[in-house]
Amino acid sequence: MSVERELPSDEAHELIGLTAEIADKELAPRVAEFEEAERFPREVFTLLGSAGLLTLPFPEEFGGGAQPYSVYLQVLEEIAARWAAVAVGISVHALSCHPVNAFGTDRQKADLLPDMLGGDLLGAYALSEAHAGSDPSAMRASATGTPEGWRARGSKAWITHAGQADYYTTFLRTDSDSRHGVSCFHVPAGTPGLSAGAPERKMGLCSSTTATMNFDDALIPEDHLVGRPGQGLSIALSALDAGRLGIAAVATGIAQASLDYAVAYAKEREAFGRPVIDHQGVGFLLADMAAATASARATYLSAARRKDAGLGYSQEASMAKLVASDTAMSVSTDAVQILGGAGYVRDHPVERYMREAKVTQIFEGTNQIQRLLISRALARTAR
């Protein structure tokens, strides 16, 4: 990647260097094959876990890397520039760890977090349902308290790592109250009654398994309730702020990869006797792509620094996700245009970048939802 990064410490520079080395040697050579075969790269996550790259922003006490979010996100961007599906998986794993880390009891943290953060286990985040994507308060999948524990019934849709994860951070309705009737649970993959549906056939991120998770009277132990009963929506929304920053970093990585490839191609490809980058129409387009990508990075880093400083960052996270994902879509599309017919075939990766960029405008809250959240924040400020 052609990025000169501003990092807070020598350790952070070493971490970025390690990430780039692993990404170049272990990820970049595999991505085309795995995407084509729609094969889940579990061995890659095992490798990244052993290198300490799966749980960078979590406490060292329980096995995390204790890195600032601004550093973690730049690691995520480096990985996304080589293999977006893997970077999305890391972001989802971090999302799945957040509720226990932030809302779990001391006993839960001691019992669950070391394995969750140790690098061997991979998590999933089960919030959405087929009829309740942008409005999680409309969820129907439920859990009923019994003397043996909680009995879960229903389905969760669009779950990244479905059928591949070792545990599922799951949100289920435990009361009819629309705002305070959802609770959060830690559900191990081997729970009887828990099963994955057939993988979705997606436009992009084809090596990342996405499917429906079904709960058929699945018994969840009482001590696997995370937070208080009815606290689930607030837990979910607090996790989504951080998750949106993860997707912003992934989107920026896709944009940077698109830009880098387009620049390299434009320097080699000749038209009318000179490299196409020297033609103003192409050169100016590349300049706009570079400016947009740098702006996306600055936006997510600004939000991350607020998070690191303990300041509110919900609005900034929505802005970062909105700006970065729209940038990824426009820059990857322009990269295809610069390559012309070559950009439309799978001999070059830019068509994959474009397909991958699209979903960043959709998950972790569509960009229409981000605009709604930002506008509501502006309205509150105006009052």
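Modeller: Helices and strands are DSSP runs, a helix having at least four residues and a strand at least two, and they are numbered from the N terminus. With those names, serine 208 is placed in the loop between strand E6 (194–196) and strand E7 (210–220). Please keep in mind throughout that this is a predicted model.

Colleague: Why is serine 208 called buried?

Modeller: Buried means under 20% relative accessible area, and serine 208, at 5% relative accessibility, therefore counts as buried. Not counting residues up to four places away in sequence, serine 208 touches Phe40, Ala85, Thr160 and Lys202.

Colleague: What makes glutamine 67 buried?

Modeller: The reasoning follows the cut-off of under 20%: glutamine 67 has a relative accessible area of 10%, so glutamine 67 is buried. Glutamine 67 lies in the loop between helix H3 and helix H4, and, leaving aside neighbours within four places in sequence, glutamine 67 is in contact with Glu11, Leu15, Leu56 and Pro57.

Colleague: Which residues of H1 are buried, and why are they said to line one face of the helix?

Modeller: The buried residues of H1 are Ala12, Leu15, Ile16, Thr19, Ala20, Ile22, Ala23 and Leu27. Seen down the axis of H1, these buried residues fall within an arc of 170 degrees, so they line one face of the helix. The face of H1 turned away from the buried side carries the exposed residues Asp10, Glu14 and Lys25, while the cover over the buried residues of H1 includes helix H2 (31–37), helix H3 (42–50), helix H4 (69–82) and helix H5 (84–103).

Colleague: What makes you describe H5 as mostly covered, and where does H5 bend?

Modeller: Of the 20 residues of H5, 18 are buried, and on that count H5 is mostly covered. H5 bends by about 30 degrees at cysteine 97, with proline 99 following within four residues. From its first C-alpha to its last, H5 reaches 29 Å, close to the 28 Å expected at 1.5 Å a residue.

Colleague: Which helix gives the most to the lining of the second largest pocket?

Modeller: That helix is H7, with three residues, although H2, H4, helix H7 (232–268) and helix H10 (350–360) each supply at least two residues of the lining.

Definitions and conventions: Residues are numbered from 1 along each chain as its sequence is written. This is a predicted model: local features need pLDDT of at least 70, side-chain atom pairs count only at pLDDT 80 or more; totals for chains, interfaces and linings use all residues. Side-chain values use heavy atoms; hydrogens and water are left out. Buried means under 20% relative accessible area, exposed over 50%, partly exposed in between (1.4 Å probe, protein chains only). The arc is that of the directions from the helix axis to the C-beta atoms. Contact means heavy atoms within 4.5 Å. The expected span of a helix is 1.5 Å times one less than its number of residues. The bend at a residue is the angle between axes fitted to the seven residues ending there and the seven starting there.
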